[in-house]
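Reader: I'd like to learn how to read charge pairs, cavities and cores in a protein model. Could you walk me through them?

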Amino acid sequence: MKYVCLFLLGLFLLPYLNAQNTTTISMLILDDFTKKAVLNATLSIEGISGSTISASNGVAELVVNMTGERVLHISAPDYLENRIPIFLEGKTLDLGTIYLSRDITLEKTENLISLTEADFSEDENPAYVLGLLQATKDVFLNRAAFDFGQAFFRVRGYGSERGKVFINGIPMNKFLNGRPQWNNWGGLNDVTRNQEFSHGLGVSDFGFGGILGTTNIDTRPSGFRPGFRFSASAANRSYAGRLMATYNSGVDQNGFSYSFSGSRRWAKQGYMEGTLYDAYSFFGAAEYRFNAKNSIALTTIFASNRRGRSSAITEEVFDLVGRKYNPYWGLQNGDARNSRERKIQEPMAMLNYYYKSKKFRLNTGVAYQTGINARSRLGYFNAPNPDPTYYRNLPSFYVNSPIGANFVSANLSREGFLGNPQINWTNVYDANLLAQDKKAAYILYADTTKDSQLSLNSTANLTIGNMLKIDFGVNYRALTSENYAKINDLLGAEFHEDIDPFSNTRNDVNGDVLKSDDAIFGYNYTMNANEMGIFTQIDIKHKKWSGFLSGVYNQASYQREGLFQNERFLEDSLGKGEAISFSNYGLKTGGTYKFNGRHWVGVEAAYLTKPPVMQHTYINPRENGQIVPEVRSETITSADINYFIRLPKLRGRITGFYTQFQDLTDVNFFFVESGVGSDFVQEVITNLKTLHWGSEVGLEYQLSSSVKLSAVAAVGKYTYANNPDISINFDTAGSEEDLINVEGTLNLGTAKIKNYKLAQGPQQAYALGVSYRDPKYWWVAATANYLTDNYANIATITRTDSFLLDPDTGEFFPNATEENVNRLLAQKPMEDFYLLNVIGGKSWLIKDKYISVFASVNNVFDTVFKTGGYEQSRNGNFGELSQDVLSGQPSFGTKYWYGFGRTYFLNVAISF
């Protein structure tokens, strides 16, 4: 007991024992253009966690307990960071007036990433890397976001679910897939720029965080620069035009402040054919300061985003019609109509209470969010597939015929496809109008999710002396998610018959089988989810070292309630199903040793468990309540080591990292002709392990006061680390029913995928950049990028023993030798490619009005490149796949997404 007392006494006395080393740094911070005070500036000493203080009215002061040569960082929202070498001697240091330059490169925030449809293939947010990384000045992370991002690069091979995003301390990651939905506040750049970011496993004031990083967006009006800002943009990327306007009142004498912002983005067609874009966003916030310590803030956000989607295509289709081709649209009465649109409208409101004193901060908030996320598609029932790229419509169908190649028919097919490569809406309407019973052969419907979520969060930060900080917090979230298919358009028919065309069974036994416009059909169920968690964190810093220890515990539960009784699953489709719960914990720790103010090393490590996301917990919730067998929380082990260098002209970071994911689960849906049957199936992958390791290098060199050079490299290896268990569930009859267990699941054993590469974007990326900033307030920069080692997602079912079975005999294919199988299933990387990006801008001050112009050109040389792809699972047995690839132009070859060619973005803004 006496040692514990001595330890606690030491912690208490240390700040006083080091008092002789205390230095007070003071200064006045002004805008170098307007010569007015810069508000909300932040000071920090390089390498010292938490040594920051915000400036008020331009006057800033920082008290530090250290000596020797250091680098002082001065930053503020919308300004370039200023770094000043200083020498601390335990005395007061007055730096006089410091000037900051505005950073108009912030227009990159939404526009330097050229979005590809790969971003939407897995519900990724359009700028998920950018959203997590825009708040950091780290040269590697900036290059990853603004240059590598157009090639679907993922930092360390992580998805966005590995990072945590907060708005005003309230978590934004979704229950469904664990990812933040950036569209919920898209287009509101002016009011979402105040961000605090911690990279990787680093310390965050707002929660335990994720292994990719933690971002908190602060929307308090008191933190915005007062005044009006208007901007107009033109582009040829996802949208063609954008208008944005923002007004911030500033804090008045009564402590009240407010902000309004709105934007409009649109395009009849984006870079890809048929991809309309229609988005508008509104933001309103008000804050009241009771006194210097207490304040409340109300924030409301409404963002609507509607866009036409595009599709991955095979190399056969690419060779015929090029990279801009999109099969999802066609002309109707002379106007383009996309059959697959995505619409997101999920407004939110939040109320926060803030307390801030010199040693203690508290943020308690409540948020409510509701709205829809809908995806339309063209459904067909006992009618031909309307997709122009359907395999029977393409030349390869005739070339790869099992009865022999028919090149005459292949050529006719080629001419027919090129003559009408889009959806024929006239034929679709005619099929419905000419039907004798007026029953729909085709309908346009939307898979719709309507969420309502309540979130409560409270976080406190306590500083003890100059060395110790303790963070702790609690959070609770409750979600009700309604999921259903809704008819958008009967396309000339009078009704739709709600019967599964493959099994001739009713989707809703108790409902009306005849459905009209706006009716719910097919499936209808509700998912209820709850999560409660606590975290705590201890952060200690010393003049030579710092360290932290953080822990988290949370509980999550999911429950499905079926609102339709499906005839195929009479006992397991209607009503509330089994509730499933997960208890999870996490620990992370790290330390930094500073050799001096210019060189230091940091080490971080974490071990945590995480519940599976909702979409990977149920096999097919649209039809039944069956839970993935033996589903369990995933386990994550991660560590990294970082070397930081901060010389007067050279700065950067060199990192090595290692992460292992265990007990992962995945669920996929597709049609397969396998060795054990042909049907639409749900493939369930369990006991999956993946491995991510590699290095990151980011260096900047100030060649002169105007010229800066940069070099960045990401070298990773992201692989499957074991052979996971595979099972499939057949929707209808036609399978080997004697092999299926009572739950309707057919176990296929393990998939031999160990050491196959993950489809996580380029695993190697390199960049060289140069920028010039003229004293007359114009600048230009160029970055040359090389990306390689990118792979398409593999079909796991073809790596199981079922692939070797002949469905006609039930025996192994005699020529399915190990050599032949390995040759057939070899994973080939996509082509390497180079990208050159150029950006630049100019600013003026005219009668107290600040005017800026920003322009960028991505992929200057119009390089054609693939950003991602996936193997089709249709040919699920050796015989089918072997026959399909004989010609070199398979009918069911890998489908790829292609990146944008040469694109531009131009923005003009005025502030006053």
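**Charges, cavities and cores**

Author: Let's begin with charges. In this predicted model, a network of salt bridges links Asp 138, Arg 156, Asp 640, Arg 653 and Glu 696.

Reader: How many salt bridges does the structure hold?

Author: The count is 33. A pair gets on that list when a side-chain nitrogen of Lys or Arg sits within 4 Å of a carboxyl oxygen of Asp or Glu. Take Asp 190 and Arg 193: their closest N and O atoms are 3.7 Å apart, so the pair passes that cut-off.

Reader: Are Asp 190 and Arg 193 buried or exposed?

Author: The idea here is to look at relative accessible area, where buried means under 20%. Asp 190 comes out at 10%, so this residue counts as buried. Arg 193 has 13% and therefore counts as buried too.

Reader: Which parts of the chain does the salt bridge between Asp 801 and Lys 752 tie together?

Author: First the geometry: the Asp 801 and Lys 752 side chains meet with 3.0 Å from N to O. Asp 801 is in the loop between strand S41 (778-788) and helix H10 (818-824), while Lys 752 is in the loop between strand S39 (745-750) and strand S40 (764-774), so the bridge joins parts 49 residues apart in sequence. As for accessibility, Asp 801 is partly exposed at 39%, and Lys 752 is partly exposed at 47%.

Reader: And where in the chain are Glu 831 and Lys 866?

Author: Those two also form a salt bridge, at 3.6 Å from N to O. It links distant parts of the chain, 35 residues apart: Glu 831 belongs to the loop between H10 and strand S42 (833-846), and Lys 866 to strand S44 (residues 866-870). Lys 866 is buried, with a relative accessibility of 7%.

Reader: How does the lining of the largest cavity divide into nonpolar, polar and charged residues?

Author: There are 18 nonpolar, 13 polar and seven charged residues in that lining.

Reader: What about nonpolar cores?

Author: In soluble globular proteins, nonpolar side chains tend to be buried together. Here the largest nonpolar core has 58 residues, and Phe 148 and Ile 728 touch the most other members. Strand S35 (residues 650-674) gives the largest share of that core, with five residues. Leaving out residues up to four places away in sequence, the contacts of Phe 148 include Phe 153, Val 712, Tyr 766 and Leu 787. There is also a second, separate core of 26 residues, with Ala 485, Tyr 525, Met 527 and Ile 580 among them.

Reader: One last residue. Where is Leu 490 found?

Author: Leu 490 is in the loop between S24 and strand S25 (496-497). With a relative accessible area of 4%, Leu 490 is buried. Among the residues Leu 490 touches, beyond those up to four places away in sequence, are Tyr 442, Phe 495 and Asp 517. Leu 490 and Asp 517 are 27 residues apart in sequence, yet their C-alpha atoms are 6.2 Å apart in space.

Notes. Residues are numbered from 1 along each chain as its sequence is written. This is a predicted model: local features need pLDDT of at least 70, side-chain atom pairs count only at pLDDT 80 or more; totals for chains, interfaces and linings use all residues. Side-chain values use heavy atoms; hydrogens and water are left out. Buried means under 20% relative accessible area, exposed over 50%, partly exposed in between (1.4 Å probe, protein chains only). Helices (H or I, at least four residues) and strands (E, at least two) are DSSP runs, numbered from the N terminus. Ala, Val, Leu, Ile, Met, Phe, Trp, Tyr, Cys and Pro count as nonpolar, Asp, Glu, Lys and Arg as charged, and the others, Gly among them, as polar. A nonpolar core is a set of buried Ala, Val, Leu, Ile, Met, Phe, Trp, Tyr and Cys residues joined through side-chain atoms within 4.5 Å. Contact means heavy atoms within 4.5 Å.
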